[in-house]
Amino acid sequence: MRKIILDEPFRMRRVECEIPTPKKDEVRIAVKRLGICGSDPTIYRGLHPYVTFPVVLGHEISGVIDAVGEDVAKERIGQRVTVIPHIVCGKCEACKNKIYNFCEELRCTGAEADGAMCDYFCISSEMAVQIPDTMTLDDAALVEPACVAYHGAKRGCIRKGETVLIIGAGPIGVFCMQSCFALGAGKVYVADLDADRLALARRLGATDTVEVGKQSIKDIKDKIDVFYDCVGEKGQVLNNILDTAKRGSRIVVIGVLQKEYTIPKLPDFVQHELSLFGTTMYTPADYSDMLTLMGEKKIVTDGMISHRFGLEKVPEVLDMLVKKKEKTFKILIEVND
Ligand SMILES: [Zn+2]
Ligand SMILES: [Zn+2]
């Protein structure tokens with residue numbers, strides 16, 4: 001089978017290797033679709049703090065189970081699945097409660113363990129989640145990023161009818177916007193620098209959008225109950241939110257912040273009763289909710305897939321992304337059809 005290995009930063013190659021045999025509690029998945037994540041170019045450039053090389057990328061996965069280990073029900077063969085890309089200890093307190101994102105020994109496939117950029121991929125049967133018959137394999141590959149956004153959206157404790165502002169209209173931002181509506185928000189505004197991304201956010205249901213640099217949030221700023229920072233990085237967005245947030249509002253940072261960060265005007269933060277929430281990944285319960293929400297079309301992906309490539313093109317795709325050669329939204333890799 002084919003496998004794409006990232007030997008070291010910027011050096012990716014395709015190899016031929018044996019099709020893996022599933023261990024006792026594993027299923028083998030014939031991979032069908034892989035989403036390219038915002039974190040993939042970060043790993044490709046060698047900037048991800050937890051990755052050791054060589055590594056196989058690929059954690060937004062859909063496919064069909066084609067073999068099972070001896071402890072797994074044979075009936076699972078043929079099931080269409082999406083994947084929770086987690087390898088967990090199964091013994092810690094978090095694992096006992098199925099809060100796998102808190103597992104002390106958590107490793108994420110496609111970063112700290114090999115991912116699915118290959119024809120066949122084995123993972124614990126529990127992490128291969130059956131998708132509804134009506135769900136496409138395209139959508140199934142996007143369940144993972146949708147769950148990142150949904151888990152983050154829940155952290156904001158939205159109450160019915162509240163007004164939300166999301167900063168960053170990438171895939172996580174637009175999934176977060178739809179998740180906020182699903183959780184009861186009355187109005188969800190989306191802000192970004194990119195007019196095309198904002199147009200997509202409006203098509204997917206945003207109440208209105210703000211083109212940063214051209215429009216100001218002046219008119220809505222006193223109405224916002226919950227802010228979502230879907231950018232992260234050096235904290236410039238979080239800084240602006242802290243400057244803008246009305247008394248009593250909540251702030252969730254979904255985007256990954258780089259290194260250390262200090263909260264400016266901490267006395268104001270305290271006196272204005274602001275709340276700041278962190279979030280990381282998702283739980284199996286989020287997957288289950290998301291399959292329902294996507295099945296009921298409360299969360300949709302229409303217009304999100306901007307590019308499609310075959311598995312062999314992955315090295316070129318990563319090169320294109322780090323050189324920012326082209327505007328992309330969500331890139332899908334088609335592995336086997
Ligand atoms: Zn991802
Ligand atoms: Zn654990």
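Reader: Is the crossing in which α4 passes α5 left-handed or right-handed?
Author: This is a predicted model, where local features need pLDDT of at least 70, side-chain atom pairs count only at pLDDT 80 or more, and totals for chains, interfaces and linings use all residues. Residues are numbered from 1 along each chain as its sequence is written, while chains are lettered from A and ligands numbered from 1 in the order in which they are written. A crossing is left-handed if the near helix is turned anticlockwise from the far one by less than a right angle, and right-handed if clockwise. For α4 passing α5, the crossing is right-handed.

Reader: How are α4 and α5 oriented to each other?
Author: Helices (H or I, at least four residues) and strands (E, at least two) are DSSP runs, numbered from the N terminus. Axes are lines fitted to C-alpha atoms, for helices over the stretch in contact, with angles from 0 to 180 degrees between N-to-C directions; those of α4 and α5 lie 8 Å apart, at an angle of about 50°. Angles under 35 degrees count as roughly parallel, over 145 as roughly antiparallel, 65 to 115 as roughly perpendicular and the rest as oblique. The orientation of α4 and α5 is therefore oblique.

Reader: Which elements do the buried residues of α9 pack against?
Author: A residue is buried if 20 or more other C-beta atoms, placed from the backbone, lie within 10 Å of its own, exposed if 12 or fewer, and partly exposed in between. In α9, the buried residues include Tyr-287, Leu-291 and Met-294. Contact requires C-beta atoms within 7 Å, again placed from the backbone. The partners are β9 (128-130), α3 (137-141) and α4 (143-155).

Reader: Which strands are the edge strands of the six-stranded open sheet?
Author: Strands pair if DSSP finds at least two bridges between them. The order is β12-β11-β10-β13-β14-β15, with parallel pairing. Pairing on one side only marks the edge strands, β12 (208-211) and β15 (275-277).

Reader: Which residue in β14 stands opposite Tyr-228?
Author: β13 (residues 226-229) and β14 (residues 250-253) pair in the parallel sense over four bridges. Opposite Tyr-228 stands Val-252.

Reader: Does Pro-49 count as buried or exposed?
Author: Pro-49 sits in the loop between α1 (39-44) and β4 (60-68). Its C-alpha is 17 Å from that of His-59, 10 residues apart in sequence. Because Pro-49 has 9 C-beta neighbours inside 10 Å, it counts as exposed.

Notes
Two residues are in contact if their C-beta atoms, placed from the backbone, lie within 7 Å.
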